[in-house]
Amino acid sequence: SRPTKWPLLCAFLRYAAIPREKKFYVLSNLVKAAVLLSYTPVAARTLYLAMARDQWRTTSIRNLGVLYAIPDTVSMLLVERMALTTKLHHM
């Protein structure tokens with residue numbers, strides 16, 4: 001396939017071709033990626049402070065861990081017919 005001037009259109013067309021029962025799984029992964037991306041600046045700063053300055057902000061680390069787990073938990077509860085290997089991966 002050749003590159004196009006409209007990558008969003010191509011992405012939409014590929015999404016439209018996905019079977020209905022798998023679309024929610026794909027969408028939940030896209031949402032999870034966006035959520036994790038939004039945590040990255042705080043996580044990077046927390047990691048830097050811990051590793052470079054020996055400032056272990058345990059409450060922040062714990063909160064980031066919970067925030068990291070939320071999208072996987074929601075996916076496990078809402079995505080129908082998730083593969084067993086995927087469920088085990090998320091546990």
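Q: What share of the 91 residues of the chain counts as buried?
A: This is a predicted model, in which local features need pLDDT of at least 70 and side-chain atom pairs count only at pLDDT 80 or more, while totals for chains, interfaces and linings use all residues. Residues are numbered from 1 along each chain as its sequence is written, and side-chain values use heavy atoms, with hydrogens and water left out. Buried means under 20% relative accessible area, with exposed over 50% and partly exposed in between, for a 1.4 Å probe and protein chains only. Of the 91 residues, the share that counts as buried is 15%.

Q: Which elements make up the chain, and in what order do they run from the N terminus?
A: Helices (H or I, at least four residues) and strands (E, at least two) are DSSP runs, numbered from the N terminus. The chain has four helices and zero strands, and the order of its elements is α-α-α-α.

Q: How are helix 2 and helix 3 oriented where they pack?
A: Axes are lines fitted to C-alpha atoms, for helices over the stretch in contact, and angles run from 0 to 180 degrees between N-to-C directions. Helix 2 (residues 20-53) and helix 3 (residues 58-78) pack with their axes 10 Å apart, at an angle of about 180°. Angles under 35 degrees count as roughly parallel, over 145 as roughly antiparallel, 65 to 115 as roughly perpendicular and the rest as oblique, so helix 2 is, relative to helix 3, roughly antiparallel.

Q: What are the dimensions of the box that the C-alpha atoms of the chain fill?
A: The box is taken along the principal axes. Its dimensions are roughly 50 × 35 × 15 Å.
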